[in-house]
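This briefing collects computed geometric features for a reader who works with coordinates. Please look over the sequence and the model before reading the points.

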Amino acid sequence: MFNTRNFEKIRTLAVVLISLLIAFLVISIISEHPLKTIGIFLFEPIRTVSHIGNVVEMSIPLMFTGLSVVLLFRTNLFNLGAEGIFYFAAVVASSVAIHFAANAFFHPVVAVLAGAVVGALLSAIPGILKAKWNVNELVSSLMFNSILFGVGLYLLNYYLRDPQSFSNSSYKFRPSAMLDVIVPGTRIHSGLIVALLCVAAGHYFMYRTKWGYELRMTGANREFAEFSGINTTKVIIMVHLIAGFLAGMGGSIEVLGMYNRLQWASLPGYGMDGALVALLAKNNPASVIGAALFLAYIRIGADQMARMSDVPAEMISIIQAVIILLISAEQFLKFWKNRMLLKEAGVRE
Amino acid sequence: GSNGGEASSGSSPSAGNSASASNSGALKVVLLIPGTLGDKSFFDAANAGLTKVKQELGAETKVIEMGTDQTKWEPTFNDVAGQDWDVIISGGSQITELLNATAEQHPDKTFINYDTDIQETAANVHAYSYATNEVSFLTGAVAALTSTSGMPNANPDKLIGFVGGMDIPGINAFLVGYIEGAKYAVPDIKVAISYAGDFANPGKGKELSLLQYNSGADLIFNVAGGTGLGVFEAAKEKKRYAIGVDSDQAAMMTGTDADKASLIVTSAIKKIDEVILSAVTKVKDGSLEMGKLEVVGIKENGVGLAENSIYSNVVPEDIRAKVEEIKTKLTSGEIKVDNAMGMDTAQIDEIRNSVKP
Amino acid sequence: MNELLNIVFSTDFAFSILRVATPILFAALGALISNKAGIVNIGLEGIMLVSALTGVVVSAQTGSAWVGLAGAVLAGLLIAAILGFFTLKFRTHIILGGVAVNMFASGGTVFILYLVSGDKGASTSLKSEVLPNVRLPLVEDIPVLGPILSGHHLLTYVALLSVVAMYYLLKRMPLGLRIRSVGENPHAAQSVGVRVNRVQFTALLLSGLFASLGGAYMSMGYLSLFSRDMTAGRGWIGIAAEAVGRSTTVGTFLSSLVFGAADALANALQILKIPSELVATTPYVTTVVGLTVYAIAETRLKKRKARRHSPSDS
Amino acid sequence: MSESLLEMRGISKVYPNGVVANAGVNFSLREGEIHAVVGENGAGKSTLMKMMFGMEEPSEGEMLLRGEKVRFRSPQDAIDSGVGMVHQHFMLVPSFTVVENMILGMEPRKGLGINRAEAERVTRELSAKYNLHVDPNARVEDLSVGMKQKVEILKALLRGAQILILDEPTAVLTPQETEELFRELKLLKQAGHTIVFISHKLKEVKTLCDRITIMRAGRTEGVFETASVTEQEISRLMVGRDVVLKYDKEKKAKGKPVLAVRDLAYTNAAGKKTLDRVRFAVREGHILGIAGVEGNGQAELVKALTGHLPGATGTIDVAGSVVAGQGIKAVRGLGVAYIPEDRMRQGAAKEASIADNLISTRYAKKEWNRGPFLDRRRIAQMSKDMIERFKIRCKGPEQEIGMLSGGNMQKVIVARESSASPRLLIAEQPTRGVDVGAAQLIHQRLLELREQGCAIVLLSADLNEVLELSDSLIVLYNGGVAAYFDDPSGVSEEKLGLYMLGLEQQSEEEAGKAYDL
Ligand SMILES: Nc1ncnc2c1ncn2[C@@H]1O[C@H](COP(=O)(O)OP(=O)(O)OP(=O)(O)O)[C@@H](O)[C@H]1O
Ligand SMILES: Nc1ncnc2c1ncn2[C@@H]1O[C@H](COP(=O)(O)OP(=O)(O)OP(=O)(O)O)[C@@H](O)[C@H]1O
Ligand SMILES: [Mg+2]
Ligand SMILES: [Mg+2]
């Protein structure tokens, strides 16, 4: 157990524990019944089937954006554009859900694919800029988030908005476009199956196919990949396309699975959360499932806590910040690993 | 008004737990906020209404903030409907479908939707809609009369302003009433109109207002949520007037910034607190008619101007008398105000162009 | 149209450019100094937000705008220090650190506002103070320019002076030399005894300082209150301005002004009824286009030079 | 031991990636000596020196300076104690001027700003004093390698270094420049400085140094007076066995031409002609050595050969196909293999496994795939074979290549590039920074390929290596072919040095014989 091979796992566990400890500290300062409150935070999400359902529902968009970000990060591309694409794809899927008619099988398929394809194409723009002219993908993707939000909101307000409604909400989706609930008693929808399939596909793609190999090598050392004969320009564009496809799919599935109209007047935040999921998953596609569930779990816990106790849900943003800072802290607990290494190298004792 | 902190601690933390069954007689009323408290507007007003319900009717109450992530609303509704509350209150167009759907699944409970524009209403729901056009008609009259008055910060230009959050029907409902009221009071009045495109950017609200004030407007009607806070900032900087919206926005500042508050001559209020109190009172004596959307206007005391001390001190007697007169005409139906809900863009443009400076 | 021209060519409008550009400029200077040291600080928006809140809360508690400003600056420095501690000591990835700061700020400010005032929306129940506007004695008498340059908020002048200070720092001061060396070749800097971490930490603190001034400006002058998410993307526009200004002091300053002017113009253009959602995207579109044009031009230039030289040789 | 100026005891170092670079090392330095540290690549020499200079902190162990316990937490501490270091890789800020590089970290001040005049004055003074002439206002990126090294030494002296550590200073120098450096070092020694000198060239060590510390696999193998050991003995201690420095290779009949380079020319973005009408040819089973001081066109030549130099004119034929304008992928498709100079950047992906690194040039081929998936079993089998054949010291094919020592990493690269039966191999510094044992293995592999009829272009700064392996040899100077030798075995290093420095030049006709079809 306590050897260097398990180090990363132990470290992740330690970070989670520390974060929960901080959560407990914050709660004790604010709450009049800290023990009860933390109890709600920790156990309420699994107390009833419907709460478990809430956790799973929330993890679905996180899986999509998480997987999308994993692919990008793994290619060493610091692109945080999943956020804008998630939003914009939801707008696209909504228009298909509103303005086109089809049967209950094809309608969601067409709407989700439309969102995903548009997402892929939009994502390709910073990809091409990066691959061909080395335009910093971080800056361009952040800019794209704001651009896509502005344009998406414009489309929502001018082409999709229900004139009967007071706020920015679209017309109702046609019922045929909405995703089916697959677990009775919850709102877990068929998007979960798609998400799990995508994660599995992502895993096999990354570790078993030559395209995944190209992706990993480009990420590990672009120059090396280039010299080995890998067309890294193509790889970077391909990864952006796939990542955009996934993020777009996530946005489309979220809106068709969880809403009956589009009402987002601000970016929903799942793209940035995707970076957090990717971090927790250590950039491994398969671990995205656990990471997304974990994040959804603590958020639902925080919501329940806000509802049932005297601590507001915004507390969770502190916990999330701590988790991000510590999880990606390479040197955190490294001294301990070094000691183990010296031991294993036989220098000590 | 009261604040969220009181609301949360005022209700027992265990109230959410259905196991802790209630002491017999008291009515159990829960309010679900589709957002968070502290907006100094609908949500705080609803919360104030609930506080009145608790104080005046002796009901057991609880407020739940559901946050802005809409995916969390449905599970909250289901949780709450499954508990032993007698009356479940929520409001807003965005929540209406969900509220109706939940009500249908729980026919034994009474639901109140305190603010919606949607006609459909489930059999055990009583819904309210506010005649914002009527109250805006009054603010328009106040604004136009102010602009042409000899009030210290008014100028001779016949120009007033309007800053909206977004160019959407809900905001334009205010605008149309405002314009019609202004024209009714001063036929050749001009109205400068801006939309911020954002409900949470007070900086932008301030810039837009400064432009309007600089071009000669001496009063701006703010219908822009958080962005509107910037309108008051501009009013203070330029020493011009403003009118608040949704709740008495002068009242929330008198304690902290009296100068600024004294420039907010009045506010167009949705009397959500009154409406909630009266609805729950009617539930108690069994007189609330269910399955109905009730439009509450000036006549029903669902909307009105904030007639606070600033209004009576700052606005001259003759203007107030004129406003009273209009109010009577609105109540009697002598004046009918157009409603922007359901108008198309061309119609609204026509109205906007009629007062273009 | 006439109306519009009247607005745009008024001194009020010129005055408003500086006013609108101030927070953008602060954020851009924050981005510049950290980038020069090789650290990409994308947490500026979050730092601004935290400082905006702190300024309001502290000035309300103490009744002094100056103490409030000090509080805002300290809060900004503290966040920058935490970010620096994790990224430099624990090697947290800087971009993710920035994501963490922003995530913390958007929820955390609401959380703290609630704890302090019981409100989650705005700080109107707090009696906070603002910093003064300043009239420049001689300048204000100059025709046309006087009314444009005088009478701004104190922090607007601080921002302008910061540009000069930044130029001097980077070009002339030992710290500037070290910051640039650390950004360009940290190993070289380290090998001559420059404490790379310390210099980067300093740069990050300076970055936090500028962002915090931007935040204080938002809530203690430009406006006199805090409301949730009130920075409304100004930190990101600052990052954009730094990128368009190609990481030079002068370029960053100019592009901040241009973005400020564009924003002011967009407000004035309300008369033309261009959808505000689209107008709001202009700085971002400009940045992407600008970066792309620069990058393509650079690639082309390299190729052209090579081609121009070669044929004559063979 | 009390006479020690500086002593390190029981030093261990673990890098963050898990490499144990030093394990219980003892090292001591006498005042006024020139002390050599030798050892295979990855033996931990640089690491030990970096700890002495405060750039890395020891994981364990202690250090004494003049008998006092010291702990350097940063180079500044070391500099304050009079330790200076010239690194294996230059530590200069390219866009800064010489003066700016000199004063960085110890800027003379005037008010808040830097006192530029004073900075320039001290630079001029110091370079005059030590006879190390440089232009104070030149940008460092424009300087030659030798110049850069002078700046490095001046930097250390300006900081008052009494102990001067030189990590492989001669690896990039010509024999003439090396001699000049040695003269300067001896002067410094006379002036009372103590010098640590790291080199793989045992001959240099023998001529320059007083004592030698030998390192192997992160540990010290012993300390010797230079006079008391022979080169053979040192080698044996470094590698743990005898090393053959001579190779028997048969002169072979000329095969078909594989590579033909004609009139290759290139002018870089700055307008400098970096390749000038280069002509040469290489035949099957033939090794062409290319010697030259770094920066005389080798880098551009290799780029052109691997299809990486758009804008170059002239023709390059590989087995009848024109290379110009094609990317490296197409070039590799023609049967070209390439061992890059910089193994960390172009040769390997550090975080990827050994197996992943071995397959990088052929993963796309049908035989390594089964349907849409890579044939993992086959790849694992191949990796195991390679590890065995090339004696790669590792835990297995799945280990990260970044955890290996430099020499073993280089073996992985050579294994990959040489096992695809290439028609042409371009080997750029194949043994740079590699220990003698590994170098020998690599040399043997190159000769095996030659036996199999592969054409090889060998570029190396190690003249001994070029002379020993090549069938013929060209010298590059200023982008052009300065000399061609049909039979390198008769050429001395000194003579080569004259051509490399441009002091002599063959006639065009003589040099043109390199292009002999
Ligand atoms: N975005 C821009 N818009 C307009 N002009 C620009 C822009 N970016 C750069 N410039 C111009 O390019 C020049 C670049 O400035 P300069 O190189 O003097 O920067 P600097 O302040 O010295 O920066 P550094 O200290 O990093 O070198 C300026 O004179 C400015 O006019
Ligand atoms: N910064 C680093 N991080 C991780 N590992 C390192 C680092 N620097 C060196 N190593 C590893 O430590 C070991 C010792 O390296 P070091 O550079 O000290 O060897 P050396 O004796 O100087 O070799 P050479 O002759 O090649 O310069 C090698 O395995 C090397 O890969
Ligand atoms: Mg007037
Ligand atoms: Mg070394």
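The model is predicted, and local features are reported only at pLDDT of at least 70. For pairs of side-chain atoms the threshold is pLDDT 80 or more.

**Magnesium site in chain B**

- The magnesium ion (ligand 3) is coordinated at 2.0 to 2.6 Å, and its donors are S147(B) through O and OG, N155(B) through O and OD1, D157(B) through O, and D218(B) through OD.
- Along the chain, the donors of this magnesium ion follow the spacing S-x7-N-x1-D-x60-D.
- The pair S147(B) and D218(B) links distant parts of the chain, 71 residues apart.
- S147(B) lies in helix α5 (residues 132-147) of chain B, whereas D218(B) lies in the loop between α7 (202-214) and β8 (219-223) of chain B.
- Both S147(B) and D218(B) are buried.
- What is the geometry of the site of the magnesium ion (ligand 3)? The site is irregular, with angles of 68 to 152° among the 6 donor atoms.
- For comparison, ideal angles for six octahedral donors are 90 or 180 degrees.

- Strand β22 (residues 455-459) of chain D is mostly covered, with 5 of its 5 residues buried.
- Strand β15 (residues 287-291) of chain D runs parallel to β22(D) and is joined to it by 4 bridges.
- Within that contact, I290(D) has L459(D) of β22(D) as its bridge partner.
- Strand β21 (residues 424-428) of chain D also pairs with β22(D) in the parallel sense, over 5 bridges.
- A427(D) is the bridge partner of L458(D) in β22(D), and L425(D) stands opposite I456(D) in β22(D).
- β21(D) is mostly covered as well, with 5 of its 5 residues buried.
- From β21(D), L424(D), I426(D) and E428(D) point one way and L425(D) and A427(D) the other way, and all are buried.
- Which strand pairs with β21(D) over 4 bridges? It is strand β18 (residues 336-339) of chain D, and the pairing is parallel.
- In that pairing, I339(D) has A427(D) of β21(D) as its bridge partner.

**Helix α13 in chain D**

- Helix α13 (residues 376-389) of chain D has 14 residues, and at 1.5 Å a residue these should span 20 Å; the end C-alpha atoms are 20 Å apart, which agrees.
- Buried residues in α13(D) are I379(D), M382(D), S383(D), M386(D) and I387(D).
- These residues cover an arc of only 135° around the axis, and therefore lie on the same side of α13(D).
- The exposed residues R377(D) and E388(D) are carried by the face of α13(D) turned away from its buried side.

**Residues with positive phi in chain D**

- Most residues other than glycine have a negative phi.
- A217(D) has a positive phi of about 50° although it is not a glycine.
- A217(D) is in the loop between β11 (211-216) and β12 (219-225) of chain D.
- Is A217(D) buried or exposed? Its relative accessibility is 54%, so A217(D) counts as exposed.
- N478(D), also not a glycine, has a positive phi of about 55°.
- N478(D) sits in the loop between β23 (472-477) and β24 (480-485) of chain D.
- N478(D) counts as partly exposed because its relative accessibility is 45%.

**Cysteines and a buried glycine**

- How many disulfides does the structure hold over all chains? It holds 0.
- C198(A) counts as buried because its relative accessibility is 15%.
- C209(D) counts as buried too, at 7% relative accessibility.
- G84(A) is found in helix α4 (residues 82-99) of chain A.
- At 0% relative accessibility, G84(A) counts as buried.
- The C-alpha atoms of G84(A) and M143(A) are separated by 9.2 Å, while the two residues are 59 residues apart along the chain.

How values were computed
Residues numbered from 1 in each chain as written. Chains lettered and ligands numbered in written order. Heavy atoms only, no water. Donors = N, O, S within 2.8 Å, 3.2 Å for Na, K, Ca; no water. Tetrahedral: all angles 85-135°; square planar, octahedral: opposite > 155°, others 65-115°. Helix = DSSP H or I, 4+ residues; strand = E, 2+ residues; numbered from the N terminus. Buried < 20%, exposed > 50% of the residue type's maximum accessible area, 1.4 Å probe, protein only. Disulfide = S-S within 2.5 Å. Pairing = 2+ DSSP bridges. Expected span 1.5 Å × (residues − 1). Arc of directions from axis to C-beta.
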